[in-house]
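Here is a structure to walk through.

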Amino acid sequence: MKKSAVDTGTRITERSLFYWILRRHRSMQLFLLLIILVSLFFKVFPLEMQKRIINEAIYLKDIELLYLYCGLYIGAVTIAGLLKYAINVLQVYIGQKILLEMREELYQHVLQLPLQFYRKMQPGTVISAMTAELNAIGFFLGGAIAIPVTSVLTFFVFIGFMFNLNPVLALLSIGVYPVELFVIPYLQKKYNRLNSRRVKTTRAMANVVNESISGIHEIHGNTSYSLEEKKLSSFIRQLYDLMKRLFVVKYGIKFANNFFQSLGPFVLFLVGGYMAINGQFTLGALVAFLSAYEKVYDPWKELIEYYQGYQDAQIRYRQIMAIFDLDPPHILLPLNRDVLALQGDISLKNVTFTVPSGVRLLEDISLDIKANEQIALVGYSGSGKSTLALLIAQLYDVSQGNISIDGHLIDELCKMDMGRNVAMIAQQPFIFSGTIAENLLYGVQAVSGGDGFPDRRRILGVIGDVGLQDDIIRFGLQAVLSPEECRPFRDKFLRMREIIQTTLRAEFEQAIEFYDVTKYLYYSSIRDNLVFGDSINREFVVERLPEHPRFVELLRELNLEKPLMTLGFAIATQTINLLSDFKGDEFFFRDNPMEMGEFERYSDLLKRLKGPLPKEAEARKLLLILALRFIPKKHSIVNLPSAMEERILNARHYFQANVVNVAMEHCMKQSDGTPCNKDPRCGEQSGFIPFCPSQYLYTHTLLDNILFGAVKSEQTFDDHLRKLASEAFEDEELLDEVMHIGLDFEVGSKGDRLSGGQKQKLAIARAFLKDAPILIMDEATASLDDTSQARIQGLLEREFKGKKTIIAVIHRLDLTPAYDRIVVLKAGRIVEQGTYDELMKRKGAFYELTRAES
């Protein structure tokens, strides 16, 4: 096996725990030791002052001497405390720096382990080892040298001070320590064995939970709750038993420590008191001796705790390293040469692949693929097609035989050689958290180190080629832009709004209710009808309005508060009565002002209320929120009284003039369709932006801004209108800008905000942007619809024919005629190969496959 290029001769998992401690940050550790040595003087000096305060200052009744000794005492104690603080801070800093480097190097090692390792290793084990368990080791690392050195030196300094005061008492005082040296390590070893079993049990339990969460759909589908509970129950009981025994031993160690700590003072009081009574020991010396004994136990206790911490860290460290104790099969970077630029000639000689259980998935495969040739791998399920593709991609390693690319044996190529020259598309690609752009450029960034990114035109071209353009445009249109993001395109977006409201108005007004300051808006909420605008700081969002003093004052002055609360009460009552049996189904709340998660809250509210006009402020707020969310043409749960429409319209003008100080005439649209003049009292500078044709609404999506109104229904806003909008964007040279905005769409964890088809197209685009000479597609289009599959296949023929070596695992045999050669596998062997026409004339295995498919 080859070692990683970053290794220093020793595999990271073979390094001892003290390898990291002794070889990292030595200058800081020496500085720490210097502080420790200085601090020893300030630990002992206060004891001498105690003795002198009693024997000299108090005995001689010398006030000035008392002040001097007390001042020196408190000064030394303060300095000792500050030095202890500095020591603790430095220990943590050194420990975390070492832990950072350990974690980074271990993670690099883990990422390079073979795929077979991850087939049998649960993700929960890897995550736990890399996070919580390494954190526990980090607390030990910083003090690994400082604590024992400090404790040993402090111990002997105090012992020396005690011997200086009275050798007999000093010998008696330390006589208890040999016994403790036997008892504590014995109990600690027992604790370590139990703790090791606890860690293993916890990992096993984490794996069971991880598996259950990952397969939760199967558990729900099979109602297998009891089976999963049984799996976990045994581990829970094991952990319960281990924790009981663990704490029995732990508290046994504490009891032993406390007992031995109390035994020393007993001897001192008995013997030291006797000597003081008989004049053999001064009172000041006895007080100083007692203080020294109390302090000599602190470093002893720290040494015991250090020993316990060391044993715990050592066990954790060994267990973590044992998990990952494998060599990466290939080095990361080339040694003494540049990364190879390969052409794509691939040769397989007698390749056999056997899994660890002994089953042969491939046997005696020999195949030559010319550079720029397009090969289709087909066969029955389980024939080894995907395994062969993974071997060529160096994701698996052959058991026998060899694979070479351009004459270079594949097991001698480093990972960067393969990364630069091979692009792989899996059937179920992984999408990383982040934006679409970050995922698109993932492969390019990995092999280029941040340099040589494709230009914007190339990126947008590939997006269009794979059929992801419409999705990216939709993501862009749904983006909410900040003033800074919008500023370069603001005027163009407003121009788009003008085109839709004038040139395309006839087509769009059937689907859009355009904002009009003079009319009541039936497809907008009561809140939008009242406020008719937004504030950048979200001052006037629905949830805040019932507590906004000026808004509430407006409602009361115009006699709207009571009608709105009555409306909210009616909505709540109807919703609770109609949906009590469906409160857990989000479908029934789609056309309701009440959200599913609020059902119980409003249900409890109605039980307390005696009518629609409560006095309690919280109840009034909840009813007003429902009313302000109400959209007459969308929410059919109740009807809006027609008399309220005119009152709300009047309230809109009052709100604009008296609350946000905006003149309504500036929001009027001229009859010829030109936008209104800008009012200096509204916009970015004022913080309030009315629904005015000349204002960009920064709290709304780009689509909302362009349409400048509410969509009446998704059915009426059909593909035809979307196409008209896209054409208008293109005419205004804005389509690329919208796509650029869409590239910043956050895909969520594992791409969960994307559909299966979108993920697949994104993975295909990612591979195409990498522009490697060898492209391996493992059923890469399987999750796409027929049109999208045909589109990708056409792209392979049109753009890559004679330019790339393509190896495609295919399940749809009607796509195979386009390939230069078809290789048919059965039971891990190649049974025939040739062009489509040759194989169909031969009427062999491929012919039978096509008949079976048809």
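Which helix gives the largest share of the lining of the second largest cavity? Helix α2 (residues 26-60) does, with 4 residues. Before going further, some ground rules. This is a predicted model, in which local features need pLDDT of at least 70, side-chain atom pairs count only at pLDDT 80 or more, and totals for chains, interfaces and linings use all residues. Residues are numbered from 1 along each chain as its sequence is written, and side-chain values use heavy atoms, without hydrogens and water.

A cavity is a set of points, on a 1 Å grid over the protein atoms alone, where a 1.4 Å probe fits but cannot get out. Lining residues have an atom within 4 Å of a point. Points are joined across faces, edges and corners, and the volume is the space filled by probe spheres set on them. The count is 2 cavities of 30 Å³ or more.

Take the largest cavity. Its volume is about 120 Å³. It is lined by 16 residues, and the closest to its centre are Thr781, Val809, Ile810, Leu815 and Tyr819. Two elements each give two or more residues to this lining: α31 (786-800) and β12 (805-809). Of the elements, α31 gives the most, 4 residues. Helices (H or I, at least four residues) and strands (E, at least two) are DSSP runs, numbered from the N terminus. The lining divides into 10 nonpolar, 4 polar and 2 charged residues. Here Ala, Val, Leu, Ile, Met, Phe, Trp, Tyr, Cys and Pro count as nonpolar, Asp, Glu, Lys and Arg as charged, and the others, Gly among them, as polar.

Now return to the second largest cavity. Its volume is about 30 Å³. Gln29, Leu32, Leu33, Ile36, Gly142, Ile145 and Ala146 line it. They divide into 5 nonpolar, 2 polar and no charged residues.

Terms used
1 Å grid on protein atoms, 1.4 Å probe; cavity = no way out; pocket = protein on both sides within 12 Å on 5 of 7 lines; lining within 4 Å.
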